[in-house]
Amino acid sequence: MVVPELRPWRAAGPHAARVAAALRPRLARVAATLAPPLARLRRNVSARATPSGAPRDTEAAGPRGNRVARAVQPQVARLVQATKARVGHLRGTRPKPGPNWRYTAGATTVGLALAAGVVTAAGPWDSSGQRTAERDHAVALDRTGGADHGPAYGPTHPGDAVPGPAPSAAAVLAGLGGYGGATGNTVKSAPQAAAPDPAALATVLGPLLGDPALGPVHTAAVVDVATGRLLYGSGADQALTPASTTKIATAVAALSAMGPDHRLTTRTAFEPDTGELVLVGGGDPTLTARPRADGWASLRTLAGSTAAALKKRGIERVTLSYDTTLFAGSGRHPIGENGNLARVTALAADEARTDDSTSGPVQRYPDPAAQATNEFAAFLNAAGITTSPPGPSKASTRAETLATVSSPPLSALVERMLTYSDNDIAEALARQTALATGVRADFAGGGTAIGAQLKKLGLPTAGAVFHDGSGLDRTDKLTARLLTALLTKAADPTRPGLRPALTGLPVARFTGTLSTRFVDGPVGGAAGVVRAKTGTLSGVNTLSGMVVDQDGRLLAFAFLTADPDSPEAAPVQAALDRVATALAGCGCG
């Protein structure tokens with residue numbers, strides 16, 4: 001199953017491919033030139049470090065030289081690895097597959113700046129972690145193995161060898177299979193690498209977690225996904241306010257309750273006895289009224305199909321109403337009116353946003369259902385159907401369904417929710433989980449359903465409290481142990497339907513809420529490697545996700561902080577990024 005590709009990405013794909021083809025010969029020459037000195041630099045840096053990463057001899061280089069060496073070591077290691085792979089590819093040999101994730105679009109990159117531009121242009125991930133633009137480009141060329149297949153019309157120069165097909169972009173989880181075209185059926189680690197040693201891991205993480213910026217209360221957990229073993233824990237069972245990392249729990253619960261292929265349907269129902277047309281909300285938080293639906297359910301399409309059905313019956317005038325009874329209770333979140341979330345209702349278009357934005361806080365229409373129905377009425381009028389001013393109602397069992405539009409699969413909704421920390425989708429999915437499990441579909445019911453579903457999965461829910469699905473409620477509580485258990489469960493090869501809870505995680509410096517983090521300084525070495533969900537409220541900052549360490553082990557982590565006296569988020573987030581970067585660069589086996 002594939003996440004629908006947005007039109008802007010599809011349009012950008014060929015441009016990225018052309019840029020890649022033009023730059024490939026130059027990159028090859030640069031790679032060949034840089035490989036020897038980079039290798040020497042890497043050996044020199046490694047020679048000056050003990051197994052724990054502390055400097056052995058500072059006499060030759062001095063303190064400043066050693067600080068620089070330690071800072072650049074992760075970047076040098078990754079650049080050397082990328083260079084070796086690229087040189088091997090250009091010589092016509094296929095690089096040996098490694099356990100680390102590689103982020104490529106047209107397999108063009110040597111250097112993070114170029115990588116960031118091309119990967120961003122390549123578009124969204126599919127369920128296996130390969131970008132759909134890469135896959136589609138490979139299909140168009142009728143080749144196998146990835147998007148970069150060398151010059152389309154032969155060698156650039158007569159003496160150049162035509163490179164063979166490059167390997168496809170690595171899946172999100174090395175060795176995880178059974179879903180979205182990935183291969184294999186187990187979580188595999190590098191055969192030569194053991195799980196990180198807990199003592200060595202504590203030596204690396206302990207000082208960073210002691211950073212005063214993290215405040216007086218912070219908890220942490222690191223788990224080896226292959227074994228489920230807790231490798232590092234500091235207050236791992238202490239429940240703290242999780243903020244938006246709550247959405248990981250919402251994602252796993254919704255996917256478990258409904259399955260990744262489930263779709264949410266909005267329909268129109270005609271009452272033959274009264275001539276009333278009812279727009280029936282199906283609780284789809286991604287329903288759009290915009291001219292370009294980009295793969296989401298379209299209110300315009302629904303209006304066109306409904307108008308055609310009415311005209312076929314000889315009807316050109318209707319009494320229009322709308323039905324929001326799928327959800328129960330008040331739609332007003334306990335935090336009150338807030339630009340981060342519209343009123344939760346079974347019927348809304350474009351999340352009731354008053355501008356053209358698609359994510360982030362913005363002013364919302366006070367009555368999303370009424371606004372959506374007014375837009376629907378305008379579309380009907382344009383199609384030749386006259387309507388009355390709309391009002392609330394409920395479709396009867398006698399009503400005839402005239403037309404329907406359905407959301408993309410639940411997997412796509414989950415990925416969008418996680419990538420952009422979309423509160424509207426989160427609250428809708430909490431209610432949908434309640435409906436799927438026979439619980440009242442309101443805020444309390446959604447929280448109850450999430451907790452019950454996680455308990456059913458055998459997850460450690462002790463101390464967990466869910467009062468919503470988004471994490472905006474400060475009375476929500478989660479533990480670091482539960483967050484890492486959620487990620488480990490989503491990586492379970494026997495539960496491929498939970499995989500979108502991982503593929504939707506933002507990628508450091510590349511996507512969603514991590515697009516502006518892991519950019520400068522030593523943390524830049526983790527760009528494109530760390531995948532994690534962020535959480536931010538005043539005085540609360542959290543980060544939970546996945547990383548493949550330097551030894552090829554897949555690790556799940558969760559870091560939670562609480563400091564009501566420090567409302568500034570930037571220093572705390574920077575400190576959390578340093579911890580995640582250290583985990584990614586750890587060769588602690």
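The charged end of R431 sits over the ring of F443, at 4.3 Å from the ring's centre. A charge counts as sitting over a ring if NZ of Lys or CZ of Arg is within 6 Å of the ring centre and within 35 degrees of the ring normal. The model is predicted, and local features need pLDDT of at least 70, side-chain atom pairs count only at pLDDT 80 or more, while totals for chains, interfaces and linings use all residues. Residues are numbered from 1 along each chain as its sequence is written, and side-chain values use heavy atoms, with hydrogens and water left out.

F443 leads on to a helix. Helices (H or I, at least four residues) and strands (E, at least two) are DSSP runs, numbered from the N terminus. Helix α11 covers residues 443–456, which makes 14 residues. From its first C-alpha to its last, α11 reaches 20 Å, close to the 20 Å expected at 1.5 Å a residue; the expected span is 1.5 Å times one less than the number of residues. Which residues of α11 are buried? They are F443, G445, G446, G447, A449, I450, G451, Q453 and L454. Here buried means under 20% relative accessible area, exposed means over 50%, and partly exposed lies in between (1.4 Å probe, protein chains only). The buried residues of α11 pack against α6 (246–258), α10 (423–436) and α12 (480–490). Just after α11, G458 takes a positive phi of about 80°.

Positive phi values also occur at two alanines. Most residues other than glycine have a negative phi, and most peptide bonds are trans. A243, in the loop between β2 (229–234) and α6, has a phi near 55°. A243 counts as buried because its relative accessibility is 1%. A352 has a phi near 60° and lies in the loop between β5 (317–323) and α8 (368–382). With 2% relative accessibility, A352 also counts as buried.

The side chains of E351 and R353 meet in a salt bridge, at 3.0 Å from N to O. A salt bridge is a side-chain nitrogen of Lys or Arg within 4 Å of a carboxyl oxygen of Asp or Glu. Both E351 and R353 are buried. How many salt bridges does the structure hold? There are 13.

Another salt bridge joins the side chains of R517 and D577, at 2.7 Å from N to O. This pair links distant parts of the chain, 60 residues apart: R517 is in the loop between α13 (500–503) and β9 (531–537), and D577 is in helix α14 (residues 570–584). Both R517 and D577 are buried. Salt bridges that share partners also join R332, E337 and R343 into one network. E337 is exposed because its relative accessible area is 54%, whereas R332, at 41% relative accessibility, counts as partly exposed.

Strand β6 (residues 386–387) contains T386. Is T386 buried or partly exposed? T386 is partly exposed, because its relative accessible area is 32%. Contact means heavy atoms within 4.5 Å. Leaving aside neighbours within four places in sequence, T386 is in contact with E316, R317, V318 and N381. R317 is 69 residues from T386 along the chain, yet their C-alpha atoms are separated by 4.6 Å.

Aromatic rings are the next topic. A pair of aromatic rings is described by the distance of the centres and the angle of the planes. Rings of Phe, Tyr and Trp (its six-membered ring) pair if their centres lie within 6.5 Å; planes under 30 degrees apart count as stacked, over 60 as edge-to-face and the rest as tilted. By this rule there is one aromatic pair. F557 and F559 form it, and the pair is stacked, with 5.1 Å centre to centre and 25° between the planes. Both F557 and F559 are buried.

The last feature is a disulfide. A disulfide is a covalent bond between the sulfur atoms of two cysteines, and the rule used here asks for a pair of cysteine sulfur atoms within 2.5 Å. The count by this rule is one disulfide. C586 and C588 form it, with their sulfur atoms 1.4 Å apart. The link of C586 and C588 is left-handed, with -115° about the S-S bond. C586 is buried because its relative accessible area is 3%, and C588 is buried at 6%.
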